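Welcome! Have the viewer ready as you read.

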Amino acid sequence: MSVITPTPGRTVRPSRPARTSRRAGTGGLAAALLSPTLLVLGLVIGYPVVAALRLSFQVSSEGIDPSTGFVATTTHYGTGNYAAVFSDDRLLRPWWNTTSFALASVTLEVLIGVCMALVMHRAFRGRAFVRAAVLVPWAIPTAISGILWKWIFNSQGVANSLLDTQVLWSSDGFHAWLAVVIADTWKTAPFVGLLVLAGLQIIPGELYEAARVDGASAWRAFWRITLPLVRPALVVAVLFRLLDVLRMFDLPYILVGPRKHSVETLSMSAFNEMTNLRFGSAAAYATVLFVYIAVVALAFVKLFGADLLGRGTRSEP
Amino acid sequence: MCASVLAGCGDSGSSDSKGGPEKSNDRGPITLASGKDTTGTLQAQLDRWNKQHPDEKVTLVELPESADQQRQQFIQNAQTKSDAYSVLNLDPIWVAEFAANQWIDELPANEFPLDKMIPAVVKTGNYFGKQYAVPFNTNAGLLFYRSDLLDKTGAKPPTTWAEMKETCAKVQKPPEGKDIGCYAGQFDKYEGLTVNFSEAVASAGGEVVDAKGKATVDTEAAKKGLQFLVDGFKDGTIPKQAATYQEEDGRRAFQSGKLLFHRQWPYQWALAGAKDGSSKVAGKFGVAPLPGLTGPGRSSLGGLDLAISKFAKNKATALDFIKFFSNEANARTNLKVNSAAPPYADLYDDPALRKQFPYLATLKESLATATPRPVVVRYGDATAAIQESAAAAMSGSQPVDAALADMQKNLSAAIAEK
């Protein structure tokens, strides 16, 4: 298949002059055809990002008029919001929560997701049922699953009675952090599983036959054939999950609650500032989070070469 | 549409700095913005008004059920100066914020029967000595107790914390009483904790924020209040699980017979008394005012207040409507139909109502000494500061003195604003 061995036909290109002369015309047409999309993207993505950036430099100070009790607000531009965000542990704690959530739950999700995919890939009776069943957690809206897990982790809930413990999951502490990781893994491991399954399905069976003929063990076949070939799909899945977890908000907010130190993420910090009408400071948090996610995503793409632009899978040496 | 409205509003807004909606002569259709009507009874009341005032119809705008989301909608509406909401049904803790930001108009206090209402409840609509909102209904905490277990030991409902602990010890002494927890309230880190902490401080004779608007949680009384909660967790008076209790968690514990005393809002009366088997304590409980340090304690206030948006049209109609909506007849209906506690004092003495709601006498006592939650413009920051330190002290991660010192510092910062 083309994935591994490019067919000779692919390397044959049309003669150069014909292509360049056509390119000018089609380029203009392409730009014209794309312009509505670019305009919409600029409006719904570009503008908000720039506006938020501008807002994050807008420092407001409020005072109360001692005679009427009315609020008087003055606004100026400066870096005060960022100074406040980077002072004491207001940033560090949610940053660490966000990061540790990402590391822990993505690792678990990849391990469990790959296992799920391997199971779903086997031919057995009821395979369709298993595939559909595995997808159920992914199909449940996060807010709803947050409520479900909140019940499970209630002090008088199922988790405690099954484990025969009296852990107060929703009180602040490591257990609250763990509860969020468990709920997030439950919900999104199927997503990883599904993407990996799609990757598995394009691996030709002949490769395994050849490996068997060569006397490779199942374990060796997994490491040398399955994993390398499923890697592009897996990398995309992990990247999506990373981006998703880094902006996590709903699960900890609903499952444990706002302003609980052990589960407060950067998004929750931004939200908290916004609900208290400090929009500048909220925008500063959001910008920090934006930059952080961008850096992580970039580093990830550079390290693992996720193929996001659809250039086709490169064959690995 | 908005622009023309804004122009009109701007005019009246600038001219009414001395006078509120009573100066307005604008009449016409208005809206009532209120949290989701879970009782399904609001529309019937609006229909009665609409029938009598065909040219000044009121439309109900239902907002989300969650208080935080309601506040957000109200604020967004105010920040865009939209006239979509005329009359606002506000949680009392927002009144200061809305008044200070000039999002609501001052109301003509003398045109409302405020003297017939319970004074503490009227105060919830007050900011800087002016009435910005009038009570629609109110709420106060009660001490639910297991009358069957108290009778067995011959104990009376406690009026002090020490008495409560004594009674618990007596009930828990026999082997069958081992599993019952003594006391719980709402101690999860959310608004309920602010309510319960403020009650503990008030019940010890202190104040969270004094009349001048200064934070006063560094006082001896505040210390004794918090100490009661912290000791409760330490010595087992308050079961450990209660650290995660919101209203419904505590209700489940009380209804399944796991609690002897429970600080709760009156709504628990009907549910705990249900005879369909959902409650194991039906017919076995009573209510009393909250206990305190040296005598009866003081509850925090809940409820809802009505106010008029600064940016509303037809303010004369809005004012008339609030007078109608908050009148005694409607308050009586609301009590009867959905057991909402009325702000009017004499309804609590009505024999027919007392028969239907036996807890009314106790609730009146509780309301008489109740205190509004701290009046702070930046209430969100204030309640966060309270919850932060109270939770730290109750979980044992911070000593009481240090927690209160932190709370005093953060609360003062929230009040001072920057």
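How much space lies in the second largest cavity? The answer is about 100 Å³. Please keep in mind that this is a predicted model. The points below take the cavities and then the cysteines.

**The second largest cavity**
- Among the residues that line this cavity are B:W161, B:Y183, B:F187, B:R263 and B:P291.
- Two elements of chain B, α8 (191-203) and α9 (220-235), each give two or more residues to this lining.
- The most comes from α8(B), which gives four residues.
- By type, the lining of the second largest cavity holds eight nonpolar, two polar and two charged residues.

**The largest cavity**
- A search of the whole structure turns up four cavities of 30 Å³ or more, and the largest has a volume of about 120 Å³.
- Its lining has 14 residues, and B:P92, B:I93, B:T124, B:R373 and B:V375 are the closest to the centre.
- Ten residues of the lining of the largest cavity are nonpolar, two are polar and two are charged.
- The largest cavity lies between domain 1 (2-139 + 302-363) and domain 2 (140-300 + 372-416) of chain B, because both give residues to its lining.

**The cysteines**
- Over all chains there is one disulfide, formed by B:C168 and B:C182 with their sulfur atoms 1.9 Å apart.
- This pair links distant parts of the chain, 14 residues apart: B:C168 sits in helix α7 (residues 161-172) and B:C182 in strand β8 (residues 181-184) of chain B.
- The torsion about the S-S bond of B:C168 and B:C182 is about 75 degrees, so the disulfide is right-handed.
- Both B:C168 and B:C182 are buried, whereas A:C115 is partly exposed, with a relative accessible area of 47%.

How values were computed: Residues are numbered from 1 along each chain as its sequence is written. Chains are lettered from A and ligands numbered from 1 in the order in which they are written. This is a predicted model: local features need pLDDT of at least 70, side-chain atom pairs count only at pLDDT 80 or more; totals for chains, interfaces and linings use all residues. Side-chain values use heavy atoms; hydrogens and water are left out. A disulfide is a pair of cysteine sulfur atoms within 2.5 Å. Buried means under 20% relative accessible area, exposed over 50%, partly exposed in between (1.4 Å probe, protein chains only). On a 1 Å grid over the protein atoms alone, a cavity is a set of points where a 1.4 Å probe fits but cannot get out, and a pocket is an open set with protein on both sides within 12 Å along at least five of seven lines; lining residues have an atom within 4 Å of a point. Grid points are joined across faces, edges and corners, and a volume is the space filled by probe spheres set on the points. Ala, Val, Leu, Ile, Met, Phe, Trp, Tyr, Cys and Pro count as nonpolar, Asp, Glu, Lys and Arg as charged, and the others, Gly among them, as polar. Domain bounds come from an automatic or database domain assignment.
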